[in-house]
Amino acid sequence: MSGYLIKDTTKEERIALIRSWVPEDEVNDGCDIDLWDMYRDYINGEREIAEINAAFRTDFYEEADL
């Protein structure tokens, strides 16, 4: 794969990339983030990874923010 942009990848390559990010063990068992759901638009060629990451918002706050 020459790059991660939609124009440089096939759907199969995008799926393989996301698959490489999914942990094989149960370490993230309590995590509410489903990478397949989060990056569905990327897999389907609708939005780039950077766009999805920029739009991602968590409810994580630092103590100083409270």
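Trainee: Why does D37 count as partly exposed?

Mentor: This is a predicted model, so keep in mind that we're reading computed values. D37 comes out at 47% relative accessibility. Buried is under 20% and exposed is over 50%, with partly exposed in between, so D37 at 47% lands in the middle class.

Trainee: What makes D37 and R40 a salt bridge?

Mentor: The N to O distance between their side chains is 3.1 Å. The cut-off is 4 Å, from a Lys or Arg side-chain nitrogen to an Asp or Glu carboxyl oxygen, so this pair qualifies. R40 is also partly exposed, at 43%.

Trainee: How many salt bridges does the structure hold?

Mentor: Three. R47 has 28% relative accessibility and D41 has 26%. Buried would need a value under 20%, so R47 is partly exposed, and D41 is partly exposed.

Trainee: Why would such side chains pair at all?

Mentor: Side chains of opposite charge can pair when their charged atoms come close.

Trainee: Which residues make up the largest nonpolar core?

Mentor: Nine of them: I6, L17, I18, M38, Y39, Y42, I43, I49 and I52. Helices α1 (11-21), α3 (40-43) and α4 (49-55) each give at least two residues to this core.

Trainee: What does I18 touch beyond its neighbours within four places in sequence?

Mentor: L35, W36, Y39, Y42 and I43. Contact means heavy atoms within 4.5 Å, so each of those five residues has an atom pair with I18 inside that limit.

Trainee: How much of the protein counts as buried?

Mentor: Of its 66 residues, 18%. The accessible surface is about 5400 Å², and 48% of that belongs to carbon and sulfur atoms.

Trainee: What is the order of elements from the N terminus?

Mentor: α-α-α-α, in other words four helices and zero strands.

Conventions:
Residues are numbered from 1 along each chain as its sequence is written. This is a predicted model: local features need pLDDT of at least 70, side-chain atom pairs count only at pLDDT 80 or more; totals for chains, interfaces and linings use all residues. Side-chain values use heavy atoms; hydrogens and water are left out. Buried means under 20% relative accessible area, exposed over 50%, partly exposed in between (1.4 Å probe, protein chains only). Accessible areas come from the Shrake-Rupley method with a 1.4 Å probe; for residues, only the protein chains shown count as cover. A nonpolar core is a set of buried Ala, Val, Leu, Ile, Met, Phe, Trp, Tyr and Cys residues joined through side-chain atoms within 4.5 Å.
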